[in-house]
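Welcome! Here is a friendly walk through one protein model, for a reader meeting it for the first time. Take a look at the sequence and the structure, and then read on.

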Amino acid sequence: MNRIRTRALASALCVGLLVPGCSSPADDVNGDGSDGERPGADTGTEDRAEATPTDPPSTPDPAGTGTATPTPTAEEPHPVSLPALMEQEFDGGDLQVGEVLEDAGAYTRYEVTYRSGDLTVSGIMNVPEGAGPFPVLVLAHGYIDPEIYTTGRGLAREQDYLARQGYVVLHTDYRNHAGSDDDPENEVRLRLGYTEDVINAVLAVRESSLDYLDGERVGLLGRSMGGGVTLNTLVVRPGLVNAAVIYASVSSDAVENFDRWTRNDPESSELADEIIDAYGAPEDDPEFWRNVSPVTFFDRVTEPLLMHHGTADDTCPIEWAHDTHDALDELGKDVTFEVYEGEQHAFVPQWQDSIERTEAFFDEHL
């Protein structure tokens, strides 16, 4: 189902709009620090819309258990690839609720941890007042330098608003952030570990015995780099969540992300060389790069998706969003694309409109 809506800019004035490489009030509002920044090596999340899938799809998992059975292939997939994650068994669980961080009246904010493979990942969870059980939203934040990141940072507006509307909000820190365990290979592995952490966060919710969590109603929301993580999750584990929303997402073509933030960035030249030494440059090994790009596997997507993107986004160009939408639409997927005229990466003037549409979307599907 194809829906594209263009929204006019609510206000021409916006003090402190985000400028790449600079902090701004918009960063502070969203708690993302440098989320209008270059998302760094946002490389595990893309491929061009016209790319042809190189691997047959897995059997979808309508029960949402995260255990879809991949269709056998003649060759073992590269260990750093989305097909390898499709074959991986995930064991997310052991959701532990820790100290109270804040009593916001309408909800209580807790420290949490959960298991992601051999790692423990930290995060926060906002739990609405009342008996529940409540539907759950797992949030995947945009790039914030792990050196400055603190637990729960990023998507602050979304965390607060959605909890006030009666959703439990679990915001994952990802590995290498805040109180999470370290994974020294994650950058060279094109940050695919973040996708593992999001999948395991959903499984931790689904397997939890906490009576205020409704593990049958789980949604996923990602912003910027987290939008790419969300797209990865949808293709790796069809049926894991009930619906997903992405804001100002990175490209679904890994080459575009790699070129924009790693290969063409002098500060990332060492990492770029290491990645190219490990896997080959995109022009030399296009198959590898197709297999780390979710667009290659959009035929596997089974969940409704809502996309938000601004026409003035100079961090993640709106052309990327059009390519992602068009690739999904051509496959007959249930995708709604909200276009915001004049809106930048930070989503300030029209954020309220966008979050109300997000709430309505989750209300419909969860």
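## Salt bridges

A search of the whole structure finds 10 salt bridges, a salt bridge being a side-chain nitrogen of Lys or Arg within 4 Å of a carboxyl oxygen of Asp or Glu. The model is a predicted one, in which local features need pLDDT of at least 70 and side-chain atom pairs count only at pLDDT 80 or more, while totals for chains, interfaces and linings use all residues. Residues are numbered from 1 along each chain as its sequence is written, and side-chain values use heavy atoms, with hydrogens and water left out.

One of the salt bridges joins Arg164 to Asp160, with the closest N and O atoms 3.0 Å apart. About one helical turn separates Arg164 and Asp160, because they are four residues apart in helix α3 (residues 156–164). Helices here are DSSP runs of H or I with at least four residues, strands are runs of E with at least two, and both are numbered from the N terminus. Arg164 is partly exposed at a relative accessible area of 42%, and Asp160 is partly exposed at 26%. For these labels, buried means under 20% relative accessible area, exposed means over 50%, and partly exposed is in between (1.4 Å probe, protein chains only).

Another salt bridge pairs Asp214 with Arg217, where the closest N and O atoms are 2.7 Å apart. Asp214 counts as buried at 17% relative accessibility, whereas Arg217, at 29%, counts as partly exposed.

## A linked network

Arg175 forms a salt bridge with Glu196, and their closest N and O atoms are 3.9 Å apart. This pair links distant parts of the chain: Arg175 sits in the loop between β6 (168–172) and α4, Glu196 sits in helix α4, and the two are 21 residues apart. Both Arg175 and Glu196 are buried. They belong to a network of salt bridges that links Arg175, Asp183, Arg189, Glu196 and Asp197.

In soluble globular proteins, nonpolar side chains tend to be buried together. In this model the largest nonpolar core has 67 residues, and those with the most contacts inside it are Leu82, Met125, Trp289, Phe298 and Leu305. Helix α4 (residues 192–207) gives the most to this core, with nine residues. Apart from it lies another core of 23 residues, among them Tyr107, Ala163, Val169 and Val245. A nonpolar core is a set of buried Ala, Val, Leu, Ile, Met, Phe, Trp, Tyr and Cys residues joined through side-chain atoms within 4.5 Å.

What does Leu82 touch? Leaving aside neighbours within four places in sequence, its contacts include Leu192, Val235, Val236, Val292 and Phe297, with contact meaning heavy atoms within 4.5 Å. Leu85 lies in helix α2 (residues 82–87) and counts as buried at 2% relative accessibility.

## A helix tucked inside

Is helix α6 (residues 254–263) largely enclosed or open? Seven of its 10 residues are buried, so α6 is largely enclosed by the rest of the structure. The buried ones are Ala254, Val255, Glu256, Asn257, Phe258, Trp261 and Thr262, and they pack against α7 (269–279), α8 and α9 (318–330).

Strands β2 (residues 93–103) and β3 (residues 107–116) pair in the antiparallel sense over six bridges; two strands pair if DSSP finds at least two bridges between them. Gly93 has Arg115 in β3 as its bridge partner. Three residues lie between the strands of this hairpin, where Gly105 takes a positive phi near 90 degrees.

## A buried charge

Glu303 is in the loop between α8 (286–290) and β9 (305–310). Glu303 is buried yet has no salt bridge, and the nearest side chain of opposite charge, Arg206, is 7.9 Å away. Lys and Arg count as positive and Asp and Glu as negative, while His and the chain ends are not counted.

The side chain of Glu303 does reach the backbone nitrogen of Gly239 at 2.5 Å, and it makes a polar contact with the side chain of Thr302 at 2.4 Å. A polar contact is a pair of N or O atoms within 3.5 Å; within protein, one must be able to donate a hydrogen and the other to accept it, and residues adjacent in sequence count only if both atoms are side-chain atoms.
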